[in-house]
Amino acid sequence: MDLLLVAAGLAALFFGGDRLVSGAVALAGRAGLPPLVIGLTIVGFGTSMPELVTSVQAALQDAPGIAVGNVVGSNIANILLILGAAALVAPIAVAPDALRRDGTALAVVTLLAAALLLPGSLGRAGGALLVAGLGAYLLLALRGARAEPEPAYPVEMELAPQTMSRAALEFGFGLLLTLAGAHLLVRGAVSLAAGLGVPDAVIGLSIVAIGTSLPELVTSVTAARRGHSDVALGNVIGSNIFNLLGILGTTALVRPIAGLRPESVIDLGVMIGATAILLLVAFTGRKVTRTEGAVLCGLYAAYLGWLAVQTL
């Protein structure tokens, strides 16, 4: 029964997140918002909605390991699994100016979040700091991008509904499905962890993290397949920044997080290391090649193997 709940929750998150992003992008486009604003906010952050809902639900159900493990695990999966898979489909080109701005922001945000989590808890003050950081990042990103040429519409616009009413219905349906999926996933994951004697953080870092990252996986691989490699990279960086600032911050504001396991230090180290690898690969070659994508996927497989060993 627990496995059925997890599977049903993952399915609802996948389809709900896809419909939510599609409807939101369509609504924004019909409202006349520029593509830049849509790309920075709705697409990058919209694909992170499953993580947001899942982490808040986990915190409310006294499962801090799943709440934090979901964020940390999703960031690791975004870089190693999702970016690696997208690079295997097509090499990912890197825009130097955007990478300097957004890559630097990702590095700073990753170190800040890790420092706040190292004591083993995250209170409302730390959550407020992270949310304020998200607001500052958005303002700086939008201001710095005004002088840049308008990018093409995100890949989701190609499949967006054509009318406002249909877009609104799709958005509402996607939101409801995402909320229901997060509830089922957290409930099943908590029960599964208790039944197997596995720490809830391990479940959060693996099953929950991969499941809530499915929208990013679909978006990035589809973008790479259609030749929009910049969207694939931007989606990963934007989602990771939002995960740490928006999701972790909002979760701590709703309910302070406490009782993290000592091994979380290792998971935070893996997240920092994955972020460093991403920036190193992107800055040195100004693209992520298929070989580098295969290496990233291999590193993620090794990380999952390490998590599996912890359950023995």
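1. A cavity, on a 1 Å grid over the protein atoms alone, is a set of points where a 1.4 Å probe fits but cannot get out, and its lining residues have an atom within 4 Å of a point. In this predicted model, local features need pLDDT of at least 70, side-chain atom pairs count only at pLDDT 80 or more, and totals for chains, interfaces and linings use all residues. Residues are numbered from 1 along each chain as its sequence is written, and side-chain values use heavy atoms, with hydrogens and water left out.

2. The largest cavity holds about 30 Å³ of space, where a volume is the space filled by probe spheres set on grid points that are joined across faces, edges and corners. Its lining consists of A77, L81, I82, I210, S213 and L217. Helix α4 (residues 64-89) supplies the largest share of that lining, 3 residues. By class, the lining has 5 nonpolar residues, 1 polar residue and no charged residues; here Ala, Val, Leu, Ile, Met, Phe, Trp, Tyr, Cys and Pro count as nonpolar, Asp, Glu, Lys and Arg as charged, and the others, Gly among them, as polar.

3. The protein chain has 12 helices and 2 strands. These are DSSP runs, numbered from the N terminus: helices are H or I with at least four residues, and strands are E with at least two.

4. The unreviewed UniProt entry annotates several spans as "transmembrane region", among them residues 167-186 and 265-284; such annotations may be inferred rather than shown by experiment. Residues 167-186 are 100% helix and 0% strand, with end C-alpha atoms 28 Å apart. For residues 265-284 the model also gives 100% helix and 0% strand, and the end C-alpha atoms lie 28 Å apart.

5. T275 belongs to helix α11 (residues 264-285). Is T275 buried or exposed? T275 is buried, because its relative accessible area is 5%; buried means under 20%, exposed over 50%, and partly exposed in between, with a 1.4 Å probe and protein chains only. Leaving aside residues up to four places away in sequence, T275 touches I79, L106 and T110, a contact being heavy atoms within 4.5 Å.

6. The chain averages a pLDDT of 80, and 83% of the residues score at least 70; pLDDT is the predictor's confidence in each residue, from 0 to 100. Over residues 151-161 the pLDDT stays under 50.

How values were computed: 1 Å grid on protein atoms, 1.4 Å probe; cavity = no way out; pocket = protein on both sides within 12 Å on 5 of 7 lines; lining within 4 Å.
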